[in-house]
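Dear colleague,

Please find below the structure that I am handing over to you, together with its sequence. A summary of what was found follows it.

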Amino acid sequence: MKEFPDVLVCAIFFGVLLSVFLEKSTSEYEKLELDFLHCRDDSEERTLLLAEKNHALLEKQNYEIYNATLKERNRIAREIHDNVGHVLSRSILLTAAVRAVNNDPKTAPLMDSLEDSLNAAMNSIRSSVHDLHDESINLEHAVDSLIRDFTFCPVGVTYDISDQIPRNIKYCFISIIKEALSNIMKHSNASSVKILIREHPALYQLCFEDNGTDIHYDPAFSGIGLVNMKERVDSLNGTLQISTQNGFRIFITIPKSVNNN
């Protein structure tokens, strides 16, 4: 009878020790689990930050390559215009001079053919230079240049568009922004201007607005500037909307299509 309580006491003591040990082990396990989760979160955060940095570096690299390409196109266009173009122009003038003093009817057809070939080459050179120059226009830089020259009031720009913009849309947006800024200086008492240029999956968007209060706009009697804007947008199958609530606002959308090249 005496041994039973001793065994019970030992069992209870062993149970207490086991409980303490298990509690300590559980606490250490939970601490290790928390440390693991923190390490995993830190690792994922560093991975995301690294991915963002790599993406930013890639975008910067692509932008620098794009700008370098535009500069090279401009350089090639200038070289062709200044060198090859001048040589062809001189050759055409010399050919015309030779034809004027040439009295041999046998060489006349050859001179005509030579002159036609030189004129065709000159037209091809002009077309190539024109295309290279147009492709080298950077819309963002062109807009920044217009804003730097505009001192009437502050201008805020939101530019969210890719580098691969169709040439005719570039010129449309540049012309409209130039005309809108000119109209502000001539007709508005605005103290601030906002320009939004954004690309969407199916369209390009241009929003131009000021906070002017001295607004006199009648759609039936639009000035030549607004008429030209509408004609440019219509030629690209786009839409132009004008609002005069809380300032003057021009909202333009141009769809992406195979014709906008």
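Please note that this is a predicted model.

Strand pairing

Strand β5, residues 248–255, pairs with two strands, β3 and β4. With β3, which covers residues 203–210, β5 runs antiparallel and is joined by eight bridges. The pairing of β5 with β4, residues 239–243, is likewise antiparallel and comprises five bridges.

The strands β4 and β5 form a hairpin, with four residues separating them. Within that turn, N246 adopts a positive phi of about 55 degrees.

Aromatic and charged side chains

A search of the whole structure returned one aromatic pair. It consists of F150 and F152, whose ring centres are 6.2 Å apart; the angle between the ring planes is 45 degrees, so the pair is classed as tilted.

F152, at 35% relative accessibility, counts as partly exposed.

A charged residue also sits over a ring elsewhere in the model: K256 lies over the face of Y204, at 5.2 Å from the ring centre.

With kind regards

Definitions and conventions
Residues numbered from 1 in each chain as written. Predicted model: local features only at pLDDT ≥ 70, side-chain atom pairs only at ≥ 80, totals over all residues. Heavy atoms only, no water. Pairing = 2+ DSSP bridges. Phe/Tyr/Trp six-rings, centres within 6.5 Å; stacked < 30°, edge-to-face > 60°. Buried < 20%, exposed > 50% of the residue type's maximum accessible area, 1.4 Å probe, protein only. Lys NZ or Arg CZ within 6 Å of the ring centre and 35° of its normal.
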